[in-house]
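Here are my notes on the helix packing and on a few single residues. Please read them with the structure open.

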Amino acid sequence: TEAVFSMGLAKFRLSDLESAVNYYGKALELNPQHKKARTGIDNVVINTFNDGNNSYRRGNLEGAMELYHQVLTFDSTFTKAHFQIGVVETKRGNLSIGINKYKQALAIDSTYFQCWFALGLAQNKKGNSFDALESFQRAVKIDSTYAKAYSSMGSVYYQNKEFEKAIEVLNTATAVQPNYPKPYISLGRIYKDLDSLEMAKFYLEKGTSLNPKNYQAWSMLANVHNQLKECESAIIAARESTDRKKRLGEGWYELGIAEWCNGKGNKTAALNALEKA
């Protein structure tokens, strides 16, 4: 056993990972209690997986996929490799393949709540809102503090015009993670649609304070200020929006309305903004 294990170690040092894993596996066949051989396989798997993640972060999706698949040849039960393949396939637009890989990961580890969340996102993107809701619910059942899943549930309910349910789960998201901006912005959008403008303003102001880079939230806030006839505040919000995205037509439109201020404002500035829109 020790000779076979040592062959694996030598192959590992020569970066011949496939041969190393084969020798480690043979050592385990001879002695299933050989901890160093088990550790050797784990090290190869983790190092290869980390190399895949590095390729993914550099934008080398082909290289990442090759390494993730290699991980699975070493250990077909390595959940995170199945998950990452699902992430890449989903990013490529291959939703069916991505969903299948997420399900393979969950078949190995049904407590992987981040995978339930990713599965829900892919299902919703594919148009399966019912399945998406079920996946998000599985995620929060495992981790009741997972604000992203509550927030995404709220988005699905909003898409389906189930505003009361959306408000309920979005409020849960803000309760479990008060500094997460997305549910506040979603609540602001819902209350704006419901013409509850003061509530919309409250949530959009909170959301933009937590995520000042969200130009769409600034544009929505400018719209709410305009409807409330709060011209100066609308100008500030609209400029925040256009500063962050120069070619956002709706931001320039709201700025034009705010500058005009029902005839009380600056006609030239209003026209300039509307022409840019």
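1. Helix 15 covers residues 249-260, twelve residues in total. From its first C-alpha to its last it reaches 17 Å, close to the 16 Å expected at 1.5 Å a residue. Keep in mind that this is a predicted model.

2. Which residues of helix 15 are buried? They are Gly251, Trp252, Glu254, Leu255, Gly256, Ala258 and Glu259. These buried residues pack against helix 13 (215-227), helix 14 (231-244) and helix 16 (267-276).

3. Now the end of helix 15. Just after the helix, Cys261 takes a positive phi of about 50 degrees. Asn262 also has a positive phi, about 55 degrees, although Asn262 is not a glycine. Asn262 sits in the loop between helix 15 and helix 16. With a relative accessible area of 54%, Asn262 is exposed, since the cut-off for exposed is over 50%.

4. Ser15 is another residue to check for phi. Its phi is near 65 degrees, a positive value in a residue other than glycine. Ser15 belongs to the loop between helix 1 (2-13) and helix 2 (17-30). Is Ser15 buried or exposed? Ser15 counts as exposed, at 59% relative accessibility.

5. Next, helix pairs. Two packed helices are described by the angle between their axes and the distance between the axes. For helix 13 and helix 14, the axes come within 8 Å and cross at roughly 160 degrees. Helix 13 is therefore roughly antiparallel to helix 14, because angles over 145 degrees count as roughly antiparallel. The crossing of helix 13 past helix 14 is left-handed.

6. Which residues make the contact of helix 13 with helix 14? Helix 13 supplies Tyr215, Trp218, Ser219, Leu221, Ala222, His225 and Asn226. Helix 14 supplies Ser233, Ala234, Ala237, Ala238, Glu240, Ser241 and Arg244. By class, the contact has seven nonpolar, five polar and two charged residues.

7. Helix 5 (residues 79-91) and helix 6 (residues 95-108) form another packed pair. Their angle is about 165 degrees, and their axes are 8 Å apart. The two helices are therefore roughly antiparallel to each other. Helix 5 passes helix 6 in a left-handed crossing.

8. Residues in the contact of helix 5 with helix 6 come next. From helix 5 come Thr79, His82, Phe83, Ile85, Gly86, Val87, Glu89 and Thr90. They meet Leu95, Ile97, Gly98, Lys101, Tyr102, Gln104, Ala105 and Ile108 of helix 6. The residues of this contact divide into eight nonpolar, six polar and two charged.

9. Helix 10 (residues 163-176) passes the length check. At 1.5 Å a residue, its 14 residues should span 20 Å, and its end C-alpha atoms are 20 Å apart, which agrees. Buried in helix 10 are Ala166, Ile167, Val169, Leu170, Ala173 and Thr174. What covers these buried residues includes helix 9 (147-159) and helix 11 (181-193).

10. Asn53 is placed in helix 3 (residues 35-57). Why does Asn53 count as buried? Its relative accessible area is 14%, and buried means under 20%. Leaving aside neighbours within four places in sequence, Asn53 is in contact with Tyr68 and Gln84.

How values were computed. Residues numbered from 1 in each chain as written. Predicted model: local features only at pLDDT ≥ 70, side-chain atom pairs only at ≥ 80, totals over all residues. Heavy atoms only, no water. Axes fitted to C-alpha atoms, helices over the stretch in contact; angles between N-to-C directions. Helix = DSSP H or I, 4+ residues; strand = E, 2+ residues; numbered from the N terminus. Parallel < 35°, antiparallel > 145°, perpendicular 65-115°, else oblique. Left-handed = near helix turned anticlockwise from the far one by under 90°. Contact = heavy atoms within 4.5 Å. Nonpolar A, V, L, I, M, F, W, Y, C, P; charged D, E, K, R; others polar. Expected span 1.5 Å × (residues − 1). Buried < 20%, exposed > 50% of the residue type's maximum accessible area, 1.4 Å probe, protein only.
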